[in-house]
Amino acid sequence: MATHTKLQKAELDYKATKEDVKWYQRAVGSLMYAMLGTRPDIAYAVSVVSRFAANPDQSHKAAVTRILRYLRKTVNYVLVFKGTLSDLAGYTDADWAGDLSTRRSTSGFIFSVGSAVISWSLKLQPSVALSTCEAEYIGQTNATKEAIWLKRLLDEVRPELGLQAQATVIYCDNQGAIALAKNPQFHARTKHIDIQHHFVREKVNEGLVQLKYIDTNEQVADGLTKALDKARFERFRRDIGLESMV
């Protein structure tokens, strides 16, 4: 998706034809199948276009066509696992108020155990975040839940890796959100946040996850929450383990 693209809902008096709606929904469904299986590089773009499936206009159709063209040119790209396995590690990021219609933030996470990712997800947050710190904090909760599940799975599948005694490291590029998870020092600023999002604070205290700061330029999950320019997108694709087999 082009960095300047800002898709919004169609105008109130616009009504897409049944043929356009059917084509759009089938195309988005096909893209979603690829994204969920082996192509996390299109996750952000697919997430955005899927929000307009009920009444797509020409700008939405153009965005879907752009993704299809990208996949046609990169059909030989696959997730490549090579080398030895490493400890489970994750990256989490959020794009504050990125949805222009609802002003909700988009948060995403990526987890890997070596050269390529094994789990990825992004979604609109259920409520409007009042700051970048709050959006990142909510995103950390989703990443923490996934980390705990993956850690238990890996402990059962490969117990010889010795992962049981180690906290899963999750990298975040917002130091304020990390501070909130480690110490509830700003109660007045966080008491409005839904109680479920304080789950990450509990798991940090229990030693199940460890939040570490990483510079924004090194944040792998950045490609899940916003459109990137060509150079940054190619680096994101390389970092998640997608390689051309040609």
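Biologist: In this predicted model, which residues does Ser105 touch, not counting residues up to four places away in sequence?
Modeller: Contact here means heavy atoms within 4.5 Å. With residues up to four places away left out, the list for Ser105 is Asp95, Trp96, Ala97, Gly98, Lys123, Leu124, Gln125, Ala129 and Ala135.

Biologist: Is Ser105 buried or exposed?
Modeller: Ser105 sits in the loop between strand 2 (89-95) and strand 3 (106-112). Its relative accessible area is 0%. Buried means under 20%, so Ser105 is buried.

Biologist: Which residue has its backbone nitrogen 2.9 Å from a polar atom of the side chain of Ser105?
Modeller: The residue is among those that Ser105 touches. A polar contact needs N or O atoms within 3.5 Å. At 2.9 Å from the side chain of Ser105, the backbone nitrogen belongs to Ala97.

Biologist: Which element gives the most to the largest nonpolar core?
Modeller: That core has 38 residues, and Val49 and Ile110 touch the most other members. Elements giving two or more residues include helix 1 (18-37), helix 3 (58-73) and strand 4 (117-124). The most, six residues, comes from helix 2.

Biologist: What accessible area do Trp149, Leu153 and Val157 have together?
Modeller: Trp149 is in helix 4 (residues 132-157). With Leu153 and Val157, Trp149 forms a nonpolar patch on the surface. Together their accessible area is about 310 Å².

Notes. Residues numbered from 1 in each chain as written. Predicted model: local features only at pLDDT ≥ 70, side-chain atom pairs only at ≥ 80, totals over all residues. Heavy atoms only, no water. Helix = DSSP H or I, 4+ residues; strand = E, 2+ residues; numbered from the N terminus. Buried < 20%, exposed > 50% of the residue type's maximum accessible area, 1.4 Å probe, protein only. Polar contact = N/O pair within 3.5 Å; in protein donor to acceptor, adjacent residues only side chain to side chain. Patch = residues over 30% accessible without salt bridge, like charges linked within 9 Å, V, L, I, M, F, W, Y side chains within 5 Å. Areas by Shrake-Rupley, 256 points an atom, 1.4 Å probe, with all protein chains shown as cover. Salt bridge = Lys/Arg side-chain N within 4 Å of Asp/Glu carboxyl O. Core = buried A, V, L, I, M, F, W, Y, C linked by side-chain atoms within 4.5 Å.
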